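Read along and check each entry for yourself.

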Amino acid sequence: MAIFNKKALKAKQQKTLKAHTILIVDDEEHNLFALTELLGRDYNIIPAKDGQEALELVRKDDDPERIHLIISDQRMPRLTGVEFLEQTISTIPRTIRIVLTGYADIEAVINSVNKADIYKYIKKPYDNQDMRVTIQRAIEAFELEKDNTVLFDDLKKSNQALQAAMKNLHTVKIIPGVYWVQVPEADLYILCGCPADIVKHLMLKGFNSTAKKGDITFETGPNAILLSDMLIQNGSFSNLAEFPILQMLYRQGMILPNHPNNTGAKPLLIGTADQVKAQMEYIYRGNYGLTSREEILEAGVDENLADEMMRLKMKFAFGNIRPTEELLESRIIEDEPVEIKNGVYARRVGLNQYEFQYKGKSTVVDLNLKTHETYESPYGLGYRDIKREYFGIIHSGEGDGWDIHRPSMASILMFQGEIFLVDAGPNILHTLRALSIDISEISGIFHTHAHDDHFSGLPTLMQSDHRIKYYATPLVRASVSKKLSALMSMDESKFSQYFEIHDLVFDEWNYLEGLEVKPMLSPHPLETNIFLFRALGEDGYKTYAHWADITSIDVFKQMLAKDSPLDGISQEFFDKVLSDYFIPADLKKVDIGAGLIHGQAKDFDRDKSEEIILAHTSASLTLQQKEIGSERSFGTVDILISTPQDYLRRQAYKFLREFFPKVELKRLHVLLNCPVVSFNPGTMIQKKGDPVSKISLILSGSVELIHPELEIQNILSNGCFIGDVSLLRNAPLLGTWRAVSHVQALQFPASLYRTFLEESEVYEQMKSIQDNIEFLQETWLFGEGISYLVQNKIAQVMSQKDFKEGELITKGESHGIYLLKEGELQILNSKEKEIETLKPGDFFGEEVLFPEDTVVFQLKATKPSVFYFISESTLLEIPIVHWKLLEILAKRTSIHKKLK
């Protein structure tokens, strides 16, 4: 009949471009029509009037795998539903199959579930809403199976490639900026580059795999690490060797007594002298934290507790705090070949470029990231749209440092609409974007300790346009700052240049503008505080406990003093810690990673908390553990105190008030009365070349600005306007804006915004700085991660300078940055060798801001050039700018040294 005209239906499907296709089979026309109407808005529908016709459709289809799900009636002429579905298995084995059945046919269907690979049977008559939910879950099951199949195929290919690659100097790209080089004859397997979570990438690709010698099972993996010349690339740490080294020492067994891999050979660190030295100290601090009684006392701890902590630390360290040099070997690489091991040589051939040589053959690895490349996350997270709450917990990580599917244990706390992190592990930016939280929204971080799976996200938090509040006890802060300073080869005092420090007092409720937090000492190799949070609601206090990293009672008992008080920890200290662990809470997240330095679920089987969540593990929960605690999937929210308030509109008011401080409130309400609109991830918000009809003020989520012809792809933070510059210039949009995550924006008509500016008498003021703002947005230094409010402040203090072609530029006593607006400039060393050629949007002058790292550059305008000068006082209070300036200075200094 006309209603089922296949050509018309196919044309309609092509127009709608829906993601999934369903084949519906039913000999009763009204049933076929009803299901098509019910599901046709969300899915492509292929109808068939009986099993035989459907079978022919499947067999003759050029791409039968496009059919993701089949819904078939059971009782039909020629072929029953089960018979039809069974015959489709060989053609489309991965398709989800559902049977509609009446009561009389249920037994036949049940008996054939496995034979016909039936996902679910649905009894007639069915409820429409139940049907929609069932289909949605079936499609999710199809996608999950597809992802698993792709992962399995990739793993299979990686394993096959690895088996085929058992040859010398075989080089494999792991992710951008990271390579694997192996020389089996020399027993050398080199991980080249080691950003956060690289161990998980090696596990996924089969380079770290399970092996067995005799009765001992262990992991394979690298035995050497080549460090990047630059600690920081595109805002992320390039060298985080802590977990790769732990994998070598313990999971490979290179340090374990009586292990077949404990041959006396040590892991190798390879690289420039400064990076090797920094990694040695960083790994040392990562192993032990504060390493003396004096350092602990300096953090404000009393003498008795300092003594307890040192005895505890020595127990974890098996009685000996060892320098990193006793655990690792190093090779310093420069321009001349250096022997790495057993006839394998390496030399540095360029910035972040190394050549390996063996028996007359060579291979080169380039560890440089391209302009817009980032170190990839080993796991996908999807996207969540999180409503801001009065007091709630977003579960942002339940795994551990070895979990290849989930982020490490962490939480995000919402209080009165503000966002606070509890720890910052690897790929924190990936996590935040998946939760549609922009880094500019982070008010503070509560930090438990300095192990990389809770620490390595700190540089991302430095990429904000404001100093994020840092909450920890002075003891933990001292441990964290020493490790970060060692890693970055910087003075400890600079920690406060990136974060706004707020020290917390142990064992007291610290009041933080309505939110209260009590930190308590947790026994651990590193200085660790666990947190208890509470807020007051209409039903009294509600509490959340975050217990990461703790020690199991069994391990802790073994540390009690026996023969002498100096032999271990005191009973008093033991009792105090256990008393803290079992403080009841409305919601308690517990580390159950086990082993020497983590907790166990069984210790909390009698805990009086309302609900316990088990986390910090890569293993599936056992039946016994499931009786003790719950699980949470990524992005789940527990609301402890709900709210009727709309925090997004409060955010909109904050942005508008800061941007228009002198405009009366009633005029602001004209804009505030406009709708808040939502954009899904990947949605185009405004397109280049279009006329400006709407102005958007971004309230939550992340947006990217794209100028492909200028090679610009900047992530814009909350508080930015979209379309305002083009409105003021009365010109079409000059770029394209896309939603990176779920985005909420206050949106108002362009005509209304123009009227608002004119009647508020700020139109000319806005127009006068529009060119500066637009220019800043297109630069790497000030475009990405800088809010519109900060860009506005910078735009108002920029001063223009002109230079003639051939003119040598002297920066003189002016401390600040020169941004190239027009023209071209060369940065030269003292011998006039070119270090870099600058194009519009690039900058120079950063070396003057860091006198301890001073390198003298010469500057020459190779074309008539126009610069904007921005003073030091404007710059160094913006953490992300400070961070980028350091990154570029390190890169230019490295090139300068090579050219000398």
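The entries below go through a few helices, strands and cysteines in turn.

**Entry 1: what I am looking at**

I note first that this is a predicted model.

**Entry 2: helix 8**

I started with helix 8, which spans residues 242-251. How many of its ten residues are buried? I found seven, so helix 8 is largely enclosed by the rest of the structure. I wrote down the buried ones: Glu242, Phe243, Pro244, Ile245, Gln247, Met248 and Leu249. Then I looked just past the end of the helix, where Gly253 has a positive phi of about 90 degrees.

**Entry 3: helix 21**

Next I turned to helix 21, residues 665-672, and found Leu668, Leu671 and Leu672 buried. Where do they sit around the axis? They span an arc of only 100 degrees, which means they lie on the same side of helix 21. I reminded myself of a general rule here: an α-helix has 3.6 residues a turn, so residues three or four places apart point the same way. I also asked what the buried residues of helix 21 pack against. My list has helix 20 (647-659), strand 40 (743-749) and helix 23 (750-759).

**Entry 4: one glutamate**

I picked out Glu295, which belongs to helix 10 (residues 293-298). Is Glu295 buried or exposed? Its relative accessibility is 14%, so I count Glu295 as buried, since the cut-off for buried is under 20%. Its side chain makes a polar contact with the side chain of Arg285, at 2.9 Å. Leaving aside residues up to four places away in sequence, Glu295 touches Arg285, Leu290 and Lys482.

I then followed strand 27, residues 515-521, where seven of seven residues are buried. Both of its faces are covered. On one side I see Leu515, Val517, Pro519 and Leu521, and on the other Glu516, Lys518 and Met520.

Strand 26 (residues 510-512) runs antiparallel to strand 27, and three bridges join them. Which residue of strand 27 is the bridge partner of Asn510? I found Val517. The two strands form a hairpin with two residues between them, and Glu513 in the turn has a positive phi of about 55 degrees.

Strand 27 also pairs with strand 28 (residues 529-537), again in the antiparallel sense, over six bridges. There, Val517 stands opposite Phe533.

I traced an open sheet of four strands in the order 16-17-18-19, with antiparallel pairing. Its edges are strand 16 (338-341) and strand 19 (361-366), each of which pairs on one side only. On average, neighbouring strands of this sheet are turned by 30 degrees against each other, direction ignored. Strand 16 and strand 17 (residues 344-350) are joined by three bridges. One pair I noted is Val338 with Ala346 in strand 17.

**Entry 5: cysteines**

How many disulfides does a search of the whole structure find? The search finds zero. I checked Cys192, which is in no disulfide: the nearest cysteine sulfur, that of Cys194, is 10 Å away. Cys194 is likewise in no disulfide, and its nearest cysteine sulfur is that of Cys192. I looked up burial as well: Cys192 is buried, with a relative accessible area of 0%. Cys194 counts as buried too, at 0% relative accessibility.

Terms used:
Residues numbered from 1 in each chain as written. Predicted model: local features only at pLDDT ≥ 70, side-chain atom pairs only at ≥ 80, totals over all residues. Heavy atoms only, no water. Buried < 20%, exposed > 50% of the residue type's maximum accessible area, 1.4 Å probe, protein only. Arc of directions from axis to C-beta. Contact = heavy atoms within 4.5 Å. Polar contact = N/O pair within 3.5 Å; in protein donor to acceptor, adjacent residues only side chain to side chain. Pairing = 2+ DSSP bridges. Axes fitted to C-alpha atoms, helices over the stretch in contact; angles between N-to-C directions. Disulfide = S-S within 2.5 Å.
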